[in-house]
Amino acid sequence: MTEGTTPAAEGVDTLSRLEQEGEIAADYLEGLLDIADLDGDIDMDVEADRAAVSIISDSTSRDLQKLVGRDGEVLEALQELTRLAVHRETGDRSRLMLDIAGYRARKRAELTELGTKAADEAKGTAQPVKLKAMTPFERKVVHDAVAAAGLRSESEGEEPQRCVVVLPV
């Protein structure tokens, strides 16, 4: 807390900063959609102390899937570019999370289930369970699911082969 501010004022400042990040990201992404001649609506929110921006479409076309790419690779790259655009405007590092066509939401549900099953396996066998290599986003979701199941997990290895190991009790 800085001198002369209250915790409530800092909360408002943080919320305002995250909303500003979302606005900058939305402007950047709208420009990108225009250049690519793709239809999509931008939705902004603040989730878990980070700006969250989603590109959604009413159409059933698979145009936005081009922005997700195979296994979310294009989405990850666009998220980094968007974070850089926010950094350029604000001078602060951004932890902004980008979702396109609900890809991350679906992936989060799959990974939560994977983490829960791995925790059950570790409980049942009393042996560590090593999962395949994952992105930082994927590992975070799995760690959260394992913690919710009452076990510990840790990441091991070096990027891009870093993976989650679920530890038995």
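Residues are numbered from 1 along each chain as its sequence is written. In this predicted model, local features need pLDDT of at least 70, side-chain atom pairs count only at pLDDT 80 or more, totals for chains, interfaces and linings use all residues, and side-chain values use heavy atoms, with hydrogens and water left out.

Reader: How far apart are the end C-alpha atoms of helix α5?
Author: Helices (H or I, at least four residues) and strands (E, at least two) are DSSP runs, numbered from the N terminus. The expected span of a helix is 1.5 Å times one less than its number of residues. Helix α5 covers residues 136-148, 13 residues, and should therefore span 18 Å. The computed distance between its end C-alpha atoms agrees: 18 Å.

Reader: Which elements cover the buried residues of α5?
Author: Buried means under 20% relative accessible area, with exposed over 50% and partly exposed in between (1.4 Å probe, protein chains only). In α5 the buried residues are F137, E138, R139, V141, V142, A145 and V146. Contact means heavy atoms within 4.5 Å. The cover of these buried residues includes β3 (97-100), α4 (103-125), β4 (129-133), β5 (152-156) and β6 (163-167).

Reader: Is S54 buried or exposed?
Author: S54 belongs to strand β2, residues 50-56. Leaving out residues up to four places away in sequence, S54 touches D41, I42, D43 and D99. With a relative accessible area of 19%, S54 is buried.

Reader: Which element supplies the largest share of the lining of the largest pocket?
Author: On a 1 Å grid over the protein atoms alone, a cavity is a set of points where a 1.4 Å probe fits but cannot get out, and a pocket is an open set with protein on both sides within 12 Å along at least five of seven lines; lining residues have an atom within 4 Å of a point. Grid points are joined across faces, edges and corners, and a volume is the space filled by probe spheres set on the points. The largest pocket holds about 590 Å³, and of its 24 lining residues, R50, M97, R104, R108 and F137 are the closest to its centre. The largest share of the lining is five residues, from α5.

Reader: How many charged residues are in the lining of the second largest pocket?
Author: Ala, Val, Leu, Ile, Met, Phe, Trp, Tyr, Cys and Pro count as nonpolar, Asp, Glu, Lys and Arg as charged, and the others, Gly among them, as polar. The second largest pocket has a volume of about 250 Å³ and a lining of 13 residues. Four of these are nonpolar and two polar, while the number charged is seven.

Reader: How many nonpolar residues does the lining of the second largest cavity have?
Author: The second largest cavity has a volume of about 30 Å³. L29, L32, L33, I55, L67, L78 and I100 line this cavity. The lining has no polar and no charged residues, and the nonpolar number is seven.
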